[in-house]
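Welcome! Here is a short tour for someone meeting this structure for the first time.

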Amino acid sequence: MKISVDRSQCYGSAECAHRAPAVFAFEDGYGVVRPGAAQAAAVDPRLREEVLEAAEKCPSQAIVLTEREE
């Protein structure tokens with residue numbers, strides 16, 4: 001899974017960092033994906049669920065999830 005935050009849509013609610021703190025951080029007023037977090041979420045079902053919930057609950061719908069083709 002590829003995880004990104006569209007900064008042009010993010011308005012800084014920090015909801016992502018609250019729901020999935022191991023994957024998202026809040027920097028300079030925007031949500032960001034922590035380095036290596038996408039790889040961790042790909043193998044850890046708990047993290048994957050947190051990411052899916054964060055994307056669903058993001059008020060600005062700024063989290064972009066893309067399934068990688070193997």
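How far is the sulfur of C16 from the closest cysteine sulfur? The distance is 6.3 Å, to C10, and that is too far for a bond. A disulfide here is a pair of cysteine sulfur atoms within 2.5 Å, and by this rule the count comes to zero. C58 is in no disulfide either, with the nearest cysteine sulfur belonging to C10.

| Cysteine | Nearest cysteine sulfur | Distance |
|---|---|---|
| C16 | C10 | 6.3 Å |
| C58 | C10 | 6.4 Å |

C16 counts as buried because its relative accessibility is 10%, and C58 is buried at 10% too. Buried means under 20% relative accessible area, exposed over 50% and partly exposed in between, with a 1.4 Å probe and protein chains only.

This is a predicted model, in which local features need pLDDT of at least 70 and side-chain atom pairs count only at pLDDT 80 or more, while totals for chains, interfaces and linings use all residues. Residues are numbered from 1 along each chain as its sequence is written, and side-chain values use heavy atoms, leaving out hydrogens and water. The pLDDT, the predictor's confidence in each residue from 0 to 100, averages 94 over the chain, and 96% of the residues score at least 70.
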